[in-house]
Amino acid sequence: MPTRDASERLPLIVKVSRLYHEQGLRQPEIAARLNMSQSRVSRLLKEGVSEGIVRTIVVEPPGLFSALEDEVRESYNLRDVVVAGVAVEDAGNDSQVLNAIGAAGARYLESTMLPSDHVGLSSWSTSLLALVEAMSPRSMRTAESIVQVIGGVGDPRAQVQATRLAERLGRVTGAAVKYFPAPGVVASKEVRDSLLTDPQISSVRDSWSELTMALVGIGSAEPSPLLVSSGNTLPEADLTRLAEQGAVGDVCLNFFDADGVHVESDLVGRTLGIDEATLKAVPRRVGVAGGPRKLAAIRAALLGGWCDVLITDSNTARALLDLRAQPAGA
């Protein structure tokens, strides 16, 4: 309800508001027409808003999910959330989910990546591949460097794919690419420590502390048939032991339980890749994943602070909200 003083000025507030919002006149034009100062026009326009005479309504076009993004972001205390639309009946269709989150992720990176960014890139994943393939080359450089943050996992075919992923991201951003020329997992801690003395490997590892963004997939402890067929997985014996210890997923081979707590195992000492403390010190950690098979892993990654930006599909986002009130291990 307008105050008494405002009520006395209502006709003028309405007139100024209509001239500005409906007829498109600029403030100096309104001031000249009504023979008043521009500062008074500005004050009357502000009163129109504060008294509820002028109301701004945002009408979201179909296919956008800003309210859902806000709810997931607030529920999991994230920096940002990007949701791609996927029909409910296609929730379990990996191809549809990957295409959707790939396109949404590409738009996000193209609009938020800075020429000064040093981007850490995890190993090849179908989600990251879909995102990078959806990006378009720019005429100007959009990142400073792309740095691999984990060694190759699985057989040589998968390691070649990881290299191609980094090459493609470097090409579309115009950034220099730093490769991490090492296996992701070795037989023992002694082998790992020996490899880390190599100057080329250690120099890339040292650059991880300078990353401004990490672009990572979120893996499920139970890999998809596609990843199994590609060879981009750990040996079955390692996966079995991790599952027995409660692991539900991983980011850069850092496995965690349903609460997002790092699972300590002998794998930690055998892994050549970015560690938990270094990864979580990166200012922006963008996780790209979706689909029902990865739901538990995505939720755990968010609870554990492994990512602070999530790019996912609409069905997964709604499922994350359904799970928010449940105990993490439920």
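**View 1. S220 faces its partner across a strand pair.** Opposite S220 stands G249 of strand β7. Here, as in every view below, we are looking at a predicted model. Strand β7 covers residues 249-251, and its pairing with β6 is antiparallel, with two bridges.

**View 2. β6, β7 and β8 make up an open sheet.** The three strands follow the order β6-β7-β8, and their pairing is antiparallel. At the edges sit β6 (219-220) and β8 (254-256), each of which pairs on one side only.

**View 3. Helix α15 lies across β6, β7 and β8**. The helix spans residues 295-303 and runs at about 100 degrees to β8.

**View 4. Strand β5 is mostly covered**. Follow the strand along residues 213-217 and you will find that five of its five residues are buried. M213, L215 and G217 point one way from β5, while A214 and V216 point the other way. Whichever way they point, all of these residues are buried.

**View 5. β5 pairs with β2 in the parallel sense**. Strand β2, residues 118-121, is joined to β5 over three bridges.

View 6. A handy landmark here is L215, which stands opposite V286 in β9.

Notes: Residues numbered from 1 in each chain as written. Predicted model: local features only at pLDDT ≥ 70, side-chain atom pairs only at ≥ 80, totals over all residues. Heavy atoms only, no water. Buried < 20%, exposed > 50% of the residue type's maximum accessible area, 1.4 Å probe, protein only. Helix = DSSP H or I, 4+ residues; strand = E, 2+ residues; numbered from the N terminus. Pairing = 2+ DSSP bridges. Contact = heavy atoms within 4.5 Å. Axes fitted to C-alpha atoms, helices over the stretch in contact; angles between N-to-C directions.
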